[in-house]
Amino acid sequence: MKIEARAVNATLQAPGALRAILLHGEDAGLIRERATTVAKAVCPDLDDPFRVAVLGREEHDRLEEETTALSLSGGRRVIWVREAGDGLLALLQRSLARASDTLVIMERRGWLRARSCAPLPRRTASAA
């Protein structure tokens, strides 16, 4: 589902049961700020290695492993994927099918074509 512009801030501050959020656009600073907002809504301590995993471009292959990992300290996990691309869609779908209570934040610089996110499951939201 696409989040309406007027509802972006409220959604990011209280993501509820969302399992994945795709943040994209030309303003890298705004994307990072919004990713931080939604991550802190799920896990206030972003330095907690048991609840937060940040995956750079070289680590995208760890997405499935991280989404199925359990939080040793309790609470919901956050997987923050930086520099995400269309090539991750199949991996994201597999990961979400196996994951329990994990929020995946996908950060992508640039605008998406209308069909870029077509294969995303309905429980996945995108916001810019």
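Which residues is R76 in contact with, leaving aside its neighbours within four places in sequence? They are G16, A17, L18, R19, V42, R51, D101, T102 and L103, where contact means heavy atoms within 4.5 Å.

This is a predicted model, in which local features need pLDDT of at least 70 and side-chain atom pairs count only at pLDDT 80 or more, while totals for chains, interfaces and linings use all residues. Residues are numbered from 1 along each chain as its sequence is written, and side-chain values use heavy atoms, with hydrogens and water left out.

R76 sits in the loop between helix 3 (63-68) and strand 3 (77-81); helices (H or I, at least four residues) and strands (E, at least two) are DSSP runs, numbered from the N terminus. Two distances involve R76:

| From | To | Distance |
|---|---|---|
| R76 side chain | G16 backbone oxygen | 2.7 Å |
| R76 C-alpha | F50 C-alpha | 9.9 Å |

R76 has 11% relative accessibility, so it counts as buried (under 20% relative accessible area, 1.4 Å probe, protein chains only).

Strand 1 (residues 20-25) is largely enclosed by the rest of the structure, because 6 of its 6 residues are buried. A20, L22 and H24 point one way, and I21, L23 and G25 the other way. Strand 1 runs parallel to strand 4 (residues 102-109), joined to it by 6 bridges; strands pair if DSSP finds at least two bridges between them. L22 stands opposite M106 in strand 4.

The largest nonpolar core has 17 residues, and I21, L23 and V78 are among those with the most contacts inside it. Such a core is a set of buried Ala, Val, Leu, Ile, Met, Phe, Trp, Tyr and Cys residues joined through side-chain atoms within 4.5 Å. Helix 2 supplies the largest share of this core, 5 residues. A second, separate core of 14 residues includes L22.

Conventions. Buried means under 20% relative accessible area, exposed over 50%, partly exposed in between (1.4 Å probe, protein chains only). A polar contact is a pair of N or O atoms within 3.5 Å; within protein, one must be able to donate a hydrogen and the other to accept it, and residues adjacent in sequence count only if both atoms are side-chain atoms.
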